[in-house]
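Have a look at the structure below and keep it open while you read.

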Amino acid sequence: MTDELSRNEYIKEASRYLRGTLAEGLRDDSTGAIVEDDQQLVKFHGMYMQDDRDLRPERTRKKMEKAFSFMIRVRMPGGVVTPKQWLALDHVARAYGNETMRLTTRQTVQLHGIIKSNLKAMMREIDTVLLDSIAACGDVNRNVMCNPNPGESRAHAAAIELARSISAHLTPRTPAYREIWLDGEKIAGHDEGAVEPIYGKTYLPRKFKIVVAVPPSNDVDIFAHDLGYIAILDAQGHVTGWNVTAGGGMGMTHGEPETYPRTADMLGFIADADAVKVAEAVVTTQRDWGNRKNRKHARLKYTIEDRGLEAFRAEVERRAGVTFEAPKPFKFTSTGDRYGWSQGDDGRGHLTLFVENGRIHDLPGKAQMAALREIANVHDGDFRVTANQNLIIANVATEKQAGIERIAREAGLLAPWSGLRRNAMACVALPTCGLALAESERYLPDLITALDRSLAKNGLSADDIVIRMTGCPNGCARPYLAEIGLVGKGPGRYNLYLGAAFDGSRLSKLYAPDLDHDGIVAALDPIFAAYATRREAGERFGDFTIRAGFVAKTGNGADFHANIGQPSVAA
Ligand code: HEM
Ligand code: SF4
């Protein structure tokens, strides 16, 4: 590691609060790209510049520029949008994007394939329905997540309110977003004043992610995130305060054991009134203590490992003027979604739909975009993206429930699925993600079909087993918290991880590296057979793989890379 700050720090510093030369770059119609430094800055505005990797060979042969386009990620705290906002997203996806919408693992919507000359029109259109994409990517607090199930209505109301308050408090205040995308007026004196009272000129050392969970559901995967709030409820279901967690994160790099996924630590319990103050204190501590020299060691998880949890907690207490109490008891049971209808206390219904890998598109016989548009046109509740890449049609009045269910069923959004498929997630990977080493979204459905044959043979088709795949070790679909995790290594090859907990509280461990399709199926088949015959009553697959000695248990942090190939003590 050098003593130099990372390159991104200089780019941020010189950017005049995220302006860079984006406005000029958008006007340059000689290329579909923007310049390199602006490619970093545009992330703070919620966009990634990408190119269609399927088209690369052909375009290189023809000596053409790569097929550049942009991915735009919307900021929607708790994953909630109105039907009107849904219709606007659907429209821009069809008018400017690749005619699909991608529900993400962090409760937002991503649109792919928007060419540079359409960016401003698209941003204006989502602005008219009060949506934006500021801070959806970049070294800032990203989309704040929240348990999306409105069934437990009192706790849920408090949770979404907290998610929205934190999101509003930590959204960058730079006028650059309005100036660049919405032709907003230039605000005089913007460089001198305290434009960003929380972030300052150089924002955070790295991305920052906050979630709010309502037990017993850990659907937001709280331990994967930098900062988490666990609702503590009284006997009437009111939130009395929050257990706060810090220092979770997924990303790592193959072959660099000093990088690792990490589950968050417990800081302690706080009153509801202190929750936003604590968020600010954690963020500013990370702003000042986080590593700005090495971006691979810059997440809060490493700051806490380097400084120690006690020192970190004390600093947060000092900055917030709050003392953490001992954490209150809570229990998580799963990270999955509850499919189908659930009824709220107020008699309104909530219908959770299954959207495979979050990709909504119109395929022959499976017109899901059109179906959701039809629902949005009659629905007066809201739409909620879950952290499992699914969609809840929430707050449906009794008289509309049958009609909405029919539309969803006809579009294949309610079909019966195997226990493995309904607990599956894949990141985007190819063809859009520039970091992908292997397929993910386009391959996982076929792998599940193959694994389902093996599960059926063993009578396990209906069992809930969590499987997640990513095209590289960055871990966008949180594979290290899946009972079966597959992480891309190279074209058609994956590392297989086993042994994570069903409730999202324990990481997995590498079981076998560099497997191809047949290798994955061959590796898992005997483990499924063993699980079918030797599991204890109620024993989860992840727990079984440890007890039966297939992998050792992972504790925390650097322990992820320890004892690989060392079977745990068999029972
Ligand atoms: C070091 C790490 C990471 C880098 C450089 C990175 C980069 C990216 C890129 C380039 C994409 C765009 C892919 C596309 O849409 O074509 C993406 C998608 C995404 N990333 Fe990451 N990512 C990292 C880690 C993570 C982690 C740890 C999470 C969550 C815990 C996450 C959450 C997401 C989500 C939700 C998406 C949207 C697509 C999806 O749901 O799979 N990322 N990431
Ligand atoms: S895990 Fe890797 S391949 Fe998948 S979307 Fe994230 S960065 Fe891209």
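Proline 216 sits in the loop between β7 (210-213) and β8 (227-233); strands here are DSSP runs of E with at least two residues, helices are runs of H or I with at least four, and both are numbered from the N terminus. The peptide bond leading from proline 215 to proline 216 is cis, with omega near 10 degrees. There's another cis bond to find, from leucine 430 to proline 431, also with omega near 10 degrees. Proline 431 belongs to the loop between β18 and α14.

Before going on, know that this is a predicted model, where local features need pLDDT of at least 70, side-chain atom pairs count only at pLDDT 80 or more, and totals for chains, interfaces and linings use all residues. Residues are numbered from 1 along each chain as its sequence is written, while chains are lettered from A and ligands numbered from 1 in the order in which they are written.

Now zoom out. The protein is divided into domain 1 (142-335), domain 2 (340-410) and domain 3 (421-561), with bounds that come from an automatic or database domain assignment. The centres of domain 2 and domain 3, taken over C-alpha atoms, are 28 Å apart. Six residues from domain 2 and six residues from domain 3 make the contact, which counts two residues as touching if their C-beta atoms, placed from the backbone, lie within 7 Å.

What about the ligands? Ligand 1 has 22 residues around it, and the closest are Thr104, Met250, Gly251, Thr432 and Cys476; to be near, a residue needs its C-beta atom, placed from the backbone, within 6 Å. Domain 1 and domain 3 both give residues to this shell, so ligand 1 lies between them. The shell around ligand 1 has 10 nonpolar, 10 polar and two charged residues. Here Ala, Val, Leu, Ile, Met, Phe, Trp, Tyr, Cys and Pro count as nonpolar, Asp, Glu, Lys and Arg as charged, and the others, Gly among them, as polar. Ligand 2 is surrounded by 13 residues, the closest being Cys427, Cys433, Gly471, Cys472 and Cys476. Its shell holds eight nonpolar, five polar and no charged residues.

Next, the inside. In soluble globular proteins, nonpolar side chains tend to be buried together. The largest nonpolar core here has 165 residues, and Ala159 and Ala231 have the most contacts inside it. Such a core is a set of buried Ala, Val, Leu, Ile, Met, Phe, Trp, Tyr and Cys residues joined through C-beta atoms within 7 Å. Buried means that 20 or more other C-beta atoms lie within 10 Å of a residue's own, exposed means 12 or fewer, and partly exposed is in between, with C-beta atoms placed from the backbone. Among the residues that alanine 231 touches are Ala155, Ala159, Pro215 and Trp242.

Note on methods: Lists of a residue's contacts leave out its neighbours within four places in sequence.
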